[in-house]
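Please read this briefing beside the sequence and the coordinates. It takes up the sheet, the helices and the pocket in turn.

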Amino acid sequence: MSAADRFRAAVEGGDVAALEGLFTEDVRFYSPVKFRPFEGREMVLGLFGVLLRVFEDFRYAGRLDGATQTSADGAEAASVVLLFRATVGGREIHGIDLLHLDEEGLIKEFTVMVRPQSAVHALGEAVLAGLVADGLVPAPADA
């Protein structure tokens, strides 16, 4: 079973522990609500702990396989696109998870894109609250 298949099964099962061996040590996670990526396996695993709590009725609705350029270095990498549907704070989200894989098949880059804009805002607020609650990021200065 590929890392993408194991990733999908872990997310659909809400199993953060099953994600641990799927990412490179220096994985980058590009969020729809933050310009700079989250970097490193520990941070990305913490982020997934929050995401799995925040998303309601999360389900994957499709898959596309191919190759795309990574954001970090522009190199072409094997890639998987997983289309998903979910709810956050009562707002329905449509989105994609773009997984770039390294030569060993581990996830080295992860990009999430979601729509509509109102859902992006709801997701951003919920995830920030979860990251602060878990001690992964400091509370905003204006809070």
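The points below are grouped by topic, after a short note on conventions.

This is a predicted model, in which local features need pLDDT of at least 70 and side-chain atom pairs count only at pLDDT 80 or more, whereas totals for chains, interfaces and linings use all residues. Residues are numbered from 1 along each chain as its sequence is written, and side-chain values use heavy atoms, with hydrogens and water left out. Helices (H or I, at least four residues) and strands (E, at least two) are DSSP runs numbered from the N terminus, and two strands count as paired if DSSP finds at least two bridges between them.

**Sheet**

- The sheet is open and has 6 strands in the order β2-β1-β6-β5-β4-β3, with mixed pairing.
- Its edge strands are β2 (38-39) and β3, each of which pairs on one side only.

**Hairpins**

- Strands β3 (residues 56-69) and β4 (residues 76-88) run antiparallel and are joined by 11 bridges, with R63 standing opposite L82 of β4.
- These two strands, β3 and β4, form a hairpin with 6 residues between them, and G74 in the turn has a positive phi of about 75 degrees.
- On to β5 (residues 91-101), β4 pairs in the antiparallel sense over 10 bridges; V80 has L99 of β5 as its bridge partner, and L82 has D97 of β5.
- The hairpin of β4 and β5 has 2 residues between the strands, and G89 takes a positive phi near 55 degrees there.

**Helices on the sheet**

- Helix α1 (residues 3-12) lies across β1 (23-30), β3, β4, β5 and β6, and runs at about 165 degrees to β3; contact means heavy atoms within 4.5 Å, and angles run from 0 to 180 degrees between the N-to-C directions of axes fitted to C-alpha atoms, for helices over the stretch in contact.
- Helix α3 lies across β2, β4, β5 and β6, running at about 70 degrees to β5.

**Largest pocket**

- The elements giving two or more residues to the lining are α2 (41-54), β3, β6 (107-115) and α3 (117-133), and the largest share, 5 residues, comes from α3.
- By class, the lining has 20 nonpolar, 2 polar and 2 charged residues, where Ala, Val, Leu, Ile, Met, Phe, Trp, Tyr, Cys and Pro count as nonpolar, Asp, Glu, Lys and Arg as charged, and the others, Gly among them, as polar.
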